[in-house]
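Here is a short report on one protein model. Look at the structure first, then follow the text strand by strand.

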Amino acid sequence: SKVRYKEAQKYILTDAQTITAADFHNKIKSHIGIIAGSNKTIHFYDVNMDEEVFAIKESHARTVHTIKYFQGSEYGEAHNNMYNIFGSSALDSTLKIWDIRMQTAARTYSNHVNRMFPVGFAFSPCFRYVISGSEDRSFVVYDLRCDGKYLEKGPSEHPDTVTDVSY
């Protein structure tokens, strides 16, 4: 195969051993990318300028394994401010919701179990809920309008850890 590619940009975290998660907007023209490192820091990169804008140190008690922007819905437009929201999940059994304009978590959810295996999460297209997998073979639906509250905990009928979820 004679496939050729050209490297567009390269991201190196000088203060971490590895990059553990990354997300960039695909549906809108955002120039801010989010990269998490093994040192529990979330880095914000300006893709246009090819430089780090700022970083949130000690974002979680343990290493961040999943990071996602709110992507909206294919069937409708979300308010522009909603595209500044992202979530992060770590092996400390917490899911945090952030706004890139602030450097503190807006919401923290911890009714799921996440200590050994990376478990995913997903925002609902209407941006009212976030669902998270769990190591206790269940899933948890959190209400984004309430800090720390969950609406439903799914049955523990799955044979193993629920590692990813989707809307």
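In this model, strand β3 (residues 42–46) is joined to β4 by 5 bridges, and the two run antiparallel. Helices (H or I, at least four residues) and strands (E, at least two) are DSSP runs, numbered from the N terminus.

The model is predicted: local features need pLDDT of at least 70, side-chain atom pairs count only at pLDDT 80 or more, and totals for chains, interfaces and linings use all residues. Residues are numbered from 1 along each chain as its sequence is written, and side-chain values use heavy atoms, with hydrogens and water left out.

**The sheet**

Now widen the view. An open sheet holds 4 strands in the order β1-β2-β3-β4, with antiparallel pairing. Its edge strands are β1 (19–24) and β4, each pairing on one side only. Two strands pair if DSSP finds at least two bridges between them. On average, neighbouring strands of this sheet are turned by 25 degrees against each other, direction ignored. Axes here are lines fitted to C-alpha atoms, and angles run from 0 to 180 degrees between N-to-C directions. Strands of a sheet pair through backbone hydrogen bonds, either parallel or antiparallel.

**Two residues**

Val53 sits in strand β4 (residues 51–56). Thr161 belongs to the segment after β12 (150–153). Are they buried or exposed? Buried means under 20% relative accessible area, exposed over 50%, and partly exposed in between (1.4 Å probe, protein chains only).

| Residue | Relative accessibility | Class |
|---|---|---|
| Val53 | 46% | partly exposed |
| Thr161 | 11% | buried |

Contact means heavy atoms within 4.5 Å. Leaving aside neighbours within four places in sequence, Val53 is in contact with Ile32, Phe44, Tyr45 and Asp46. With residues up to four places away not counted, Thr161 touches Phe117, Val119, Ser134, Glu135 and Arg137. The C-alpha atoms of Val53 and Trp98 are 16 Å apart, and 45 residues separate the two along the chain.

**The largest pocket**

The largest pocket holds about 350 Å³ of space. Of its 17 lining residues, Gln71, Gly72, Ala122, Phe123 and Tyr167 are the closest to its centre. A pocket is an open set of points on a 1 Å grid over the protein atoms alone, where a 1.4 Å probe fits, with protein on both sides within 12 Å along at least five of seven lines; lining residues have an atom within 4 Å of a point. The volume is the space filled by probe spheres set on the points. β5 (64–69) and β9 (121–123) each supply at least two residues of the lining.
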